[in-house]
Amino acid sequence: MTSKQQNQNRQKQQAATLALDYIESSMIVGIGTGSTANFFIDELVKIKAKIDGTVASSVASADRLKNHGIRVLELNEVGSLPLYVDGADESNKSLHLIKGGGGALTREKIVASSSDKFVCIADDSKLVSCLGDFPLPVECIPMAQSYVARQIVKLGGQPILRENFITDNGNIIIDIHNMQISEPVSMETALNQVTGVVTCGLFAIKPADVLILGNQII
Ligand code: 5RP
């Protein structure tokens with residue numbers, strides 16, 4: 001591992017630890033997906049007696065939680081959640097995010113949308129002035145692949161199918177390359193309207209509420 005990766009992991013760990021401060025007694029906590037969310041799950045073990053359970057945004061996170069002896073509930077049995085904690089691939093200063101590098105964007109957006117507060121945890125390399133250097137993931141229905149790709153070109157991006165990847169929902173992911181996203185809310189709205197798109201990885205219409213980068217709360 002390079003020293004840069006070591007520093008990023010240290011910051012992810014710090015952010016995960018700080019996120020514990022947002023947890024109150026008897027909460028059911030929404031849990032994200034990815035390496036930073038994994039640090040958070042590992043931290044959650046320390047206070048698992050304090051919470052009533054979790055709702056996971058992926059099969060992988062649900063498995064990790066269960067392996068730690070943390071209760072995992074279905075979102076439909078729980079209703080709304082007080083808190084969602086997850087990482088991101090990019091954030092701008094308005095806390096608009098790109099998510100879905102791990103392919104869990106749809107379930108992440110469902111759990112985030114169902115939550116009163118979204119605490120995003122990351123290392124400081126994730127903060128950017130303009131979203132889009134990280135390819136924007138779009139989950140779509142497999143038979144719509146070609147149609148969705150053509151609409152993405154019209155919106156100014158370069159669509160590239162994520163090879164050998166099927167989401168937890170049985171769909172494909174098209175990553176949009178080479179698109180600087182100066183108006184994240186408009187772009188999220190436009191992509192949401194393309195028939196065959198299940199979700200895009202922009203979290204701008206409902207951005208994060210808190211961004212923790214390492215030991216800094218933004
Ligand atoms: C998964 C995600 C992750 O939050 C995002 O990819 C960041 O991952 P990591 O914490 O490993 O840097 O959206 O779908």
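**A walk through the predicted model**

Tyr84, Phe118 and Phe203 are linked into a cluster by ring pairs. Rings of Phe, Tyr and Trp (its six-membered ring) pair if their centres lie within 6.5 Å; planes under 30 degrees apart count as stacked, over 60 as edge-to-face and the rest as tilted. This is a predicted model, in which local features need pLDDT of at least 70 and side-chain atom pairs count only at pLDDT 80 or more, while totals for chains, interfaces and linings use all residues. Residues are numbered from 1 along each chain as its sequence is written, and side-chain values use heavy atoms, with hydrogens and water left out.

Stay with the rings. The count comes to 2 aromatic pairs. The ring centres of Phe118 and Phe203 are 6.3 Å apart and the planes stand at 65 degrees, so this pair is edge-to-face. Phe118 belongs to strand β6 (residues 115-122) and Phe203 to strand β11 (residues 202-203), so the pair ties together parts that are 85 residues apart in sequence. Helices (H or I, at least four residues) and strands (E, at least two) are DSSP runs, numbered from the N terminus.

Buried means under 20% relative accessible area, exposed over 50%, and partly exposed in between (1.4 Å probe, protein chains only).

Phe203 also has charges over its ring. Lys99 lies over the face of Phe203, at 5.7 Å from the ring centre. The charged end of Lys109 sits over the ring of Phe203 as well, 5.1 Å from its centre. A charge sits over a ring if NZ of Lys or CZ of Arg is within 6 Å of the ring centre and within 35 degrees of the ring normal.

Now to the cores. In soluble globular proteins, nonpolar side chains tend to be buried together. A nonpolar core is a set of buried Ala, Val, Leu, Ile, Met, Phe, Trp, Tyr and Cys residues joined through side-chain atoms within 4.5 Å. The largest one here has 23 residues, of which Ile23, Phe40, Leu44, Val119 and Ile121 touch the most other members. At least two residues of this core come from each of α1 (3-19), β1 (28-31), α2 (35-44), α3 (59-67), β3 (81-86), β6 and β12 (210-213). What does Leu44 touch, leaving aside its neighbours within four places in sequence? Leu44 is in contact (heavy atoms within 4.5 Å) with Leu20, Ile23, Ile31, Ile51, Thr54, Leu65 and Ile70. Another core lies apart from the largest one; its 20 residues include Val128, Leu131, Val197 and Leu202.

Strand β1 is covered on both faces: Ile28 and Gly30 on one side, and Val29 and Ile31 on the other, are all buried. β1 pairs in the parallel sense with strand β2 (residues 53-56), over 4 bridges. Two strands pair if DSSP finds at least two bridges between them. Gly30 stands opposite Val55 in β2. Ser26 lies in the loop between α1 and β1. Ser26 has a positive phi of about 70 degrees although it is not a glycine. Ser26 is partly exposed, at 45% relative accessible area.

Strand β12 is also covered on both faces. Val210 and Ile212 on one side and Leu211 and Leu213 on the other are all buried. β12 pairs with β6 in the parallel sense, over 4 bridges. There, Ile121 has Ile212 as its bridge partner. β12 also runs antiparallel to strand β13 (residues 216-217), joined by 2 bridges. In this hairpin, with 2 residues between the strands, Gly214 takes a positive phi near 60 degrees.

Turn to an open sheet. Its 4 strands stand in the order β8-β9-β7-β10, with antiparallel pairing. The edge strands are β8 (158-161) and β10 (197-200), each pairing on one side only. Neighbouring strands of this sheet are turned by 30 degrees against each other on average, direction ignored. Helix α6 (residues 145-154) packs on the sheet, touching β7 (136-140), β8, β9 and β10, and its direction makes about 15 degrees with that of β9. Axes are lines fitted to C-alpha atoms, for helices over the stretch in contact, and angles run from 0 to 180 degrees between N-to-C directions. Helix α7 (residues 184-192) lies across β7, β9 and β10, running at about 165 degrees to β10.
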